[in-house]
Amino acid sequence: MTSYCQCLVYLVFLALSCVLVRCTELTLELEDNARQCFYEDVKKGTKITLEFQVITGGNYDVDVTLYDPKDKALYTVQKKQYDSHTVNADEDGTYKFCFSNEFSTFTHKTVYFDFQAGEDQPMTRSMGEHHTALTQMETACVTIHENLKIAIDYQTHHRLRETQGRDLSENLNERVQWWSIGESVLIICVGILQVFLLRNFFAERRSNI
């Protein structure tokens with residue numbers, strides 16, 4: 001019974017451990033000639049990770065810049081489809097990261113980003129103060145926690161790939177439809193032209209006779 005209670009306690013801490021890391025994960029629509037910025041308060045020494053990927057729109061590229069509290073650019077890329085960057089905060093304050101589509105004149109973009117500040121904390125305070133080997137129950141809980149994080153990352157990755165593939169398929173389908181309509185119109189025009197040419201040809205032969 002004691003082992004069962006311990007297992008329940010560890011699973012509860014496992015479910016609540018996601019709140020120990022400040023994480024922002026969003027998908028935004030970036031219009032043409034637009035620029036959007038996001039802000040996050042970060043303490044000195046905190047590990048910051050910014051990951052982004054352009055899902056739909058144009059050539060699937062975007063400009064990204066990460067600023068420190070003094071508006072100094074810590075990371076900047078131009079016309080990038082996806083990337084991930086990690087940096088340690090050198091001072092307390094509000095950090096800003098911006099996505100820019102100002103180089104595009106008519107194409108909207110859909111951008112996914114994941115901003116993390118901090119690292120995973122131990123699931124319980126006692127585990128963080130351990131100076132000896134973990135028990136079998138604690139080791140199992142840590143393994144489950146790590147596997148769940150990996151599964152979530154894989155699910156997010158495959159959802160993004162699915163969305164990107166769907167957008168490519170829809171664009172290709174639209175182009176094929178317009179191409180088919182154009183070919184049909186061209187065939188009809190050529191057929192009508194051939195009918196008129198044949199009628200004129202036989203009309204001229206009849207007049208000569």
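This is a predicted model: local features need pLDDT of at least 70, side-chain atom pairs count only at pLDDT 80 or more; totals for chains, interfaces and linings use all residues.
**The open sheet.** Begin with strands β2, β7, β4 and β5, displayed together. These 4 strands form an open sheet in the order β2-β7-β4-β5, with antiparallel pairing. Colour β2 (35-42) and β5 (73-80) separately: they are the edge strands, and each pairs on one side only. Viewed across the sheet, the twist from one strand to the next averages 10°.

Which residue in β7 is the bridge partner of Cys-37? Selecting Cys-98 shows the residue that takes this position.

**Strands β3 and β8.** Now move to residues 47-56, which make up strand β3, and display β8 with them. The strands run antiparallel and are joined by 8 bridges. Within this selection, pick out Phe-52 and Phe-113: the latter, in β8, stands opposite the former. Then select β8 alone, residues 109-117. Is this strand mostly covered or mostly uncovered? Of its 9 residues, 7 are buried, so β8 counts as mostly covered, where buried denotes under 20% relative accessible area.

**The annotated segment.** Finally, select residues 178-198. An unreviewed UniProt entry assigns the feature "transmembrane region" to this range. In the model, the chain over residues 178-198 is 100% helix and 0% strand.

Methods. Residues are numbered from 1 along each chain as its sequence is written. Side-chain values use heavy atoms; hydrogens and water are left out. UniProt positions are given in the numbering used here, feature names are shortened, and annotations may be inferred rather than shown by experiment. Helices (H or I, at least four residues) and strands (E, at least two) are DSSP runs, numbered from the N terminus. Two strands pair if DSSP finds at least two bridges between them. Axes are lines fitted to C-alpha atoms, for helices over the stretch in contact, and angles run from 0 to 180 degrees between N-to-C directions. Buried means under 20% relative accessible area, exposed over 50%, partly exposed in between (1.4 Å probe, protein chains only).
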